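Dear colleague,

Please find below the structure that I promised to pass on to you. My notes on what was found in it follow directly after.

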Amino acid sequence: MQRRDLLKAVVGSVASVGLLESFGAANAADAKTSSTPTQARGNSMKKYDNDYFYKDGVFQQDRAFEAYYEMFAEMNYSLADSLRSNKDFWVADFGIGDFANVGMAGIFFFNDKEFRYFGHDIYLLPGQMIPEHRHLAAEGLPAKHESWQVRHGSIYNFSEGGEKTPQVLAMLPKSQLEANAINCFNYKYMTVGDQDRLGKLEAPHFMMAGSEGAIVTEYACYHSMDGLKFTFPGAHP
């Protein structure tokens, strides 16, 4: 191909990409009513709605896994093939039925009760929130303490307190606000490399991904399911 023809081809490709991005942004507002993924405004990660993750009211885990794998590809994050089929790689909607907005995936790499340490990777789709929860003393051990480090993407890390400003309320899922399942309105915005820790034992907390999704590594004491308490009524792991 001659240089002039190559230049025309490149310019044409760039123009096409620009048109596609404009089309995606223009249709981002339709994401809540569409049953297929649409492009999230301002980034290349798809934003799904709940119709994609539920069939006849039943949570479709296979579709959830597919969405996370897609996010991993966008982030150039490699997950070993052995872990893709590992029973410890799990997804959860916590019985809330709002996975597009409230849910998570993760891998418990370590959870050692004898020596009391825990290693966990948290996966969140764009805008996805872990339901607010607390860790209480259980199984003869003190309440779990934890810290977090953002590996990819970004999060809003919510902790106890804060004012219910219109800006904060607009960020949070309706399913949680309508159930009065949020007590934390104070947040710290965190990007790649940022670290934070639980401010007080047994305090309510949660995190929510930014528009590009998030991968967060958690370092903590032993994680007891008996000590895990959600604010949302009836929520469960």
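Predicted model: local features only at pLDDT ≥ 70, side-chain atom pairs only at ≥ 80, totals over all residues.

The side chain of Glu218 meets that of Lys144 in a salt bridge, with 2.7 Å from N to O. This pair links distant parts of the chain: Glu218 belongs to strand S12, Lys144 sits in the loop between S8 and S9, and 74 residues separate them. Lys144 is likewise buried, with a relative accessible area of 5%.

Lys144 also forms a salt bridge with Glu146, where the closest N and O atoms are 3.0 Å apart. Both of these residues, Lys144 and Glu146, are buried.

Another of them joins Glu160 to Lys200, with the closest N and O atoms 3.4 Å apart. Here too the pair links distant parts of the chain, 40 residues apart: Glu160 is in the loop between S9 and helix H5 (166-171), and Lys200 is in the loop between strand S11 (195-197) and S12. Glu160 is partly exposed, at a relative accessible area of 42%.

**The chain overall**

The chain has 237 residues, of which 43% are buried. Its secondary structure comprises six helices and 13 strands. Among contacts with a separation of 6 or more, 73% are between residues 24 or more positions apart. The chain exposes about 12,800 Å², and carbon and sulfur atoms supply 52% of that area.

**The second largest pocket**

The second largest pocket has a volume of about 310 Å³. It is lined by 25 residues, and those closest to its centre are Trp90, Met104, His120, His223 and Leu228. The lining consists of 16 nonpolar, six polar and three charged residues. Strands that each supply at least two lining residues include S7, strand S9 (146-159) and strand S12 (206-220).

**Two further residues**

Tyr117 lies in strand S7 (residues 117-124) and is partly exposed, at 38% relative accessibility.

Gln176, in helix H6 (residues 174-178), is buried, with a relative accessible area of 0%. Among the residues that Gln176 touches are Ile96, Met129, Pro131 and Phe232.

With kind regards

Definitions and conventions. Residues numbered from 1 in each chain as written. Heavy atoms only, no water. Helix = DSSP H or I, 4+ residues; strand = E, 2+ residues; numbered from the N terminus. Buried < 20%, exposed > 50% of the residue type's maximum accessible area, 1.4 Å probe, protein only. Contact = heavy atoms within 4.5 Å. 1 Å grid on protein atoms, 1.4 Å probe; cavity = no way out; pocket = protein on both sides within 12 Å on 5 of 7 lines; lining within 4 Å. Points joined across faces, edges and corners; volume = space filled by probe spheres on them. Nonpolar A, V, L, I, M, F, W, Y, C, P; charged D, E, K, R; others polar. Areas by Shrake-Rupley, 256 points an atom, 1.4 Å probe, with all protein chains shown as cover. Salt bridge = Lys/Arg side-chain N within 4 Å of Asp/Glu carboxyl O. Lists of a residue's contacts leave out its neighbours within four places in sequence.
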